[in-house]
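Please work through each one before reading its solution.

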Amino acid sequence: NQKSTRYGASDECQVNVNCEEGNNWRNQQKGVARIYVVDGWSAGYCTGSLVNNTNNDQTPYFLTADHCGGEVSTSDFGEWIFRFNYESPGCTATSQPSGNNITGCSRVARAPLDGGSDFLLLELNTTSTTLKNIGAVYNGWRNTASASSSGVSIHHPSGDIKKISTYTSALSSTTYNGQTETGATNAHWRVYWAQTDNGHGVTEGGSSGSPIFDNNGYVIGTLSGGSSSCDNTNYPDLYGKLSYHWLSNGTANTERLQPWLDPDGTFTTCDFLDPNNVGLVADFSGSPTSITVGNSVTFTDLSSGGTITSRSWTFSGGSPSSSTAASPVITYNNAGTYNVSLTVYSSTDNASVTKTGY
């Protein structure tokens with residue numbers, strides 16, 4: 001479909017996220033974004049969320065649903081647009097908000113809806129500094145299979161500005177049965193939405209992939225589909241369980257969330273991370289990152305969160321192999337793929353980052 005703003009496209013029962021229903025979810029809403037999905041000659045809208053990992057290293061992992069386009073080409077992924085902060089500043093929308101766009105991503109892991117739990121983990125083509133500057137938050141998660149008693153979903157129905165739907169009765173386990181797909185057994189949460197002061201939030205096309213949060217603010221699922229609508233507010237929706245996404249769709253790392261969000265496999269929950277409310281964060285970029293033997297890469301320190309007094313670089317396979325400069329130029333004289341590490345220091349703190357195979 002032709003790309004449009006979709007402002008005002010959702011049905012009237014939907015609740016703007018900045019109504020009072022969202023008062024307890026102000027941090028979580030900052031991590032949710034609308035996705036403009038490109039798939040060959042077709043395009044449309046979905047929703048998803050930045051998610052934190054247990055290293056708290058601000059890797060821009062973004063979680064949505066596989067049926068949104070998990071099998072598209074690398075070049076198509078490069079055209080996906082993630083629009084953060086596309087929301088009315090108040091409860092009543094009076095004009096179209098602008099939002100902040102991030103363009104492009106790569107696929108990290110996925111599991112299909114048919115026979116699975118329908119998740120797609122992406123890595124956005126952006127830096128932690130850019131996400132910090134637009135106020136984005138990396139949402140936390142819970143990977144246990146216990147049902148939540150209450151919570152919300154934050155989403156972009158019909159590609160419209162950000163909305164919130166509320167549930168006040170416990171989720172239950174179910175198996176997704178669609179027109180052409182059957183999910184893995186009991187791999188989904190069934191949710192019924194509640195009437196609230198400003199409407200009766202449900203989901204629509206465009207809400208797919210959106211996170212459902214438990215009563216503690218953790219992501220516990222991603223929207224596959226359902227039958228709720230403003231005409232059928234008492235009908236349920238189905239969210240693929242994050243606990244099933246974790247390890248149950250296959251044995252390869254590209255079929256699981258755990259290797260990416262908890263590499264050591266030791267945590268059951270991970271709190272959200274707000275990069276505007278943390279200390280020193282190490283980050284860098286290099287240009288170009290693919291060269292012929294004997295050429296050089298210029299590295300740039302992108303660290304944030306304090307006044308940096310010194311830095312220490314390590315360049316595996318590079319010449320020189322270390323540096324203390326802000327923007328070192330490193331030559332690579334042998335073919336290979338190499339790690340780069342940076343540690344930065346302030347008067348009171350230090351932080352490190354290693355990019356593997358950078």
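**Exercise 1.** Which element gives the largest share of the lining of the largest pocket?

*Solution.* The model is a predicted one.
Step 1. Consider the elements that each supply at least two residues of this lining: helix H5 (258-261), E17 and strand E23 (350-355).
Step 2. Identify the largest share: E23 provides it, with three residues.

**Exercise 2.** Describe the second largest pocket in the manner of the previous exercise.

*Solution.* 
Step 1. The second largest pocket holds about 290 Å³ of space.
Step 2. It is lined by 17 residues, with Thr 289, Ile 291, Tyr 332, Gly 336 and Tyr 338 closest to its centre.
Step 3. In the lining of the second largest pocket there are ten nonpolar and seven polar residues, but no charged residues.

**Exercise 3.** Where do the cis peptide bonds from Ser 287 to Pro 288 and from Ser 319 to Pro 320 lie?

*Solution.* 
Step 1. Recall the general rule: most peptide bonds are trans.
Step 2. The bond from Ser 287 to Pro 288 is cis, and its omega is near -10 degrees. Pro 288 belongs to the loop between strand E17 (284-287) and strand E18 (296-301).
Step 3. The bond from Ser 319 to Pro 320 is likewise cis, with omega near 0 degrees. Pro 320 is placed in the loop between strand E19 (310-315) and strand E20 (322-323).

**Exercise 4.** Arg 6 has a positive phi, and so has Asn 56. Are these residues buried, partly exposed or exposed?

*Solution.* 
Step 1. Recall that most residues other than glycine have a negative phi.
Step 2. Arg 6 is not a glycine, yet its phi is about 65 degrees. This residue lies in the segment before helix H1 (26-29).
Step 3. Asn 56, also not a glycine, has a phi of about 50 degrees. Asn 56 occurs in the loop between strand E2 (42-50) and strand E3 (61-64).
Step 4. Apply the cut-offs: buried means under 20% relative accessible area and exposed means over 50%, with partly exposed in between.
Step 5. Arg 6 has 33% relative accessibility and therefore counts as partly exposed. Asn 56 has 43% relative accessibility, so Asn 56 also counts as partly exposed.

How values were computed:
Residues are numbered from 1 along each chain as its sequence is written. This is a predicted model: local features need pLDDT of at least 70, side-chain atom pairs count only at pLDDT 80 or more; totals for chains, interfaces and linings use all residues. Side-chain values use heavy atoms; hydrogens and water are left out. Helices (H or I, at least four residues) and strands (E, at least two) are DSSP runs, numbered from the N terminus. Buried means under 20% relative accessible area, exposed over 50%, partly exposed in between (1.4 Å probe, protein chains only). On a 1 Å grid over the protein atoms alone, a cavity is a set of points where a 1.4 Å probe fits but cannot get out, and a pocket is an open set with protein on both sides within 12 Å along at least five of seven lines; lining residues have an atom within 4 Å of a point. Grid points are joined across faces, edges and corners, and a volume is the space filled by probe spheres set on the points. Ala, Val, Leu, Ile, Met, Phe, Trp, Tyr, Cys and Pro count as nonpolar, Asp, Glu, Lys and Arg as charged, and the others, Gly among them, as polar.
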